[in-house]
Amino acid sequence: MYKNIAIYALLLVFFVPQMSLSQKKPQETLAILKKADAILAALSDNIDRFENIQSDLDKMGIANENYNEQKNIWLSSVLSIAAIKSICEYEHALLTLFIELREKNRHRYYDVRHRSLVTSAQQINIMYEQIKINHALISHDPSERYIIEKEKYTIQTTLDLFKQSIDLVSSLKEQSEK
């Protein structure tokens, strides 16, 4: 709950300066920044989903008869989800700060933001491979299959949001070079 309030406060801090500067920015840049708002909101939702998945995995691990026998596999999945969530929080915060920079300072960060987003997406893909291997090694009860679908959906949408963020950074860079 407090995390959601903090995220909304951060978004509010983001929106207020943008509204006052909107007359000074070209329409294309404003459209790009609107996309950033949508990306940040969706990424916030996925961070919450990862937190729920992590909680569900903990509950499943405790309830699973094979937990003691396969606890390292369970722990690996939980740690992978926690790491993905942390990467999302990191990229969310840095993308927010990047967007809030004045255009004259923002140009210094285009390449590093781009590389960071690409690297984070690669890390998430590697962790997702680990999660898929873990699920293949554990015999899941049919009632637990929902968590696998929830993980898959959330990870795929997160990777899509990272791709959109990369495109956004590239668009802002192109816009600044005009």
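## Terms and model

A residue is called buried when its relative accessible area is under 20%, exposed when that area is over 50%, and partly exposed in between, as found with a 1.4 Å probe and protein chains only. The structure is a predicted model, in which local features need pLDDT of at least 70, side-chain atom pairs count only at pLDDT 80 or more, and totals for chains, interfaces and linings use all residues. Residues are numbered from 1 along each chain as its sequence is written, and side-chain values use heavy atoms, with hydrogens and water left out.

## A pair of helices

Helices here are DSSP runs of H or I with at least four residues, numbered from the N terminus. Helix α5 (residues 110-137) packs with helix α6 (residues 145-177) at an angle of about 165°, and their axes lie 10 Å apart; each axis is a line fitted to C-alpha atoms over the stretch in contact, and angles run from 0 to 180 degrees between N-to-C directions. The angle makes α5 roughly antiparallel to α6, a term for angles over 145 degrees.

In the contact of α5 with α6 there are 14 nonpolar, eight polar and five charged residues. Here Asp, Glu, Lys and Arg count as charged, Ala, Val, Leu, Ile, Met, Phe, Trp, Tyr, Cys and Pro as nonpolar, and the others, Gly among them, as polar.

## Salt bridges between helices

Side chains of opposite charge can pair when their charged atoms come close. A salt bridge is counted where a side-chain nitrogen of Lys or Arg lies within 4 Å of a carboxyl oxygen of Asp or Glu, and by this rule the count comes to six.

One of them joins K85 to E51, with the closest N and O atoms 3.7 Å apart. Because K85 lies in helix α3 (residues 71-100) and E51 in helix α2 (residues 27-63), the pair ties together parts that are 34 residues apart in sequence. K85 is buried at 14% relative accessibility, whereas E51 is partly exposed at 36%. Together with E89, these two residues, E51 and K85, are linked in a network of salt bridges.

Another salt bridge joins R113 to E91, where the closest N and O atoms are 2.2 Å apart. R113 belongs to helix α5 and E91 to helix α3, so that distant parts of the chain, 22 residues apart, are linked. R113 is buried, with a relative accessible area of 6%, and E91 is buried too, at 1%.

D167 forms a salt bridge with K163, with 3.1 Å between the closest N and O atoms. Both residues lie in helix α6, four residues apart, which is about one turn of the helix. D167 is partly exposed at 36% relative accessible area, and K163 is partly exposed at 47%.

Terms used
Helices (H or I, at least four residues) and strands (E, at least two) are DSSP runs, numbered from the N terminus. Angles under 35 degrees count as roughly parallel, over 145 as roughly antiparallel, 65 to 115 as roughly perpendicular and the rest as oblique.
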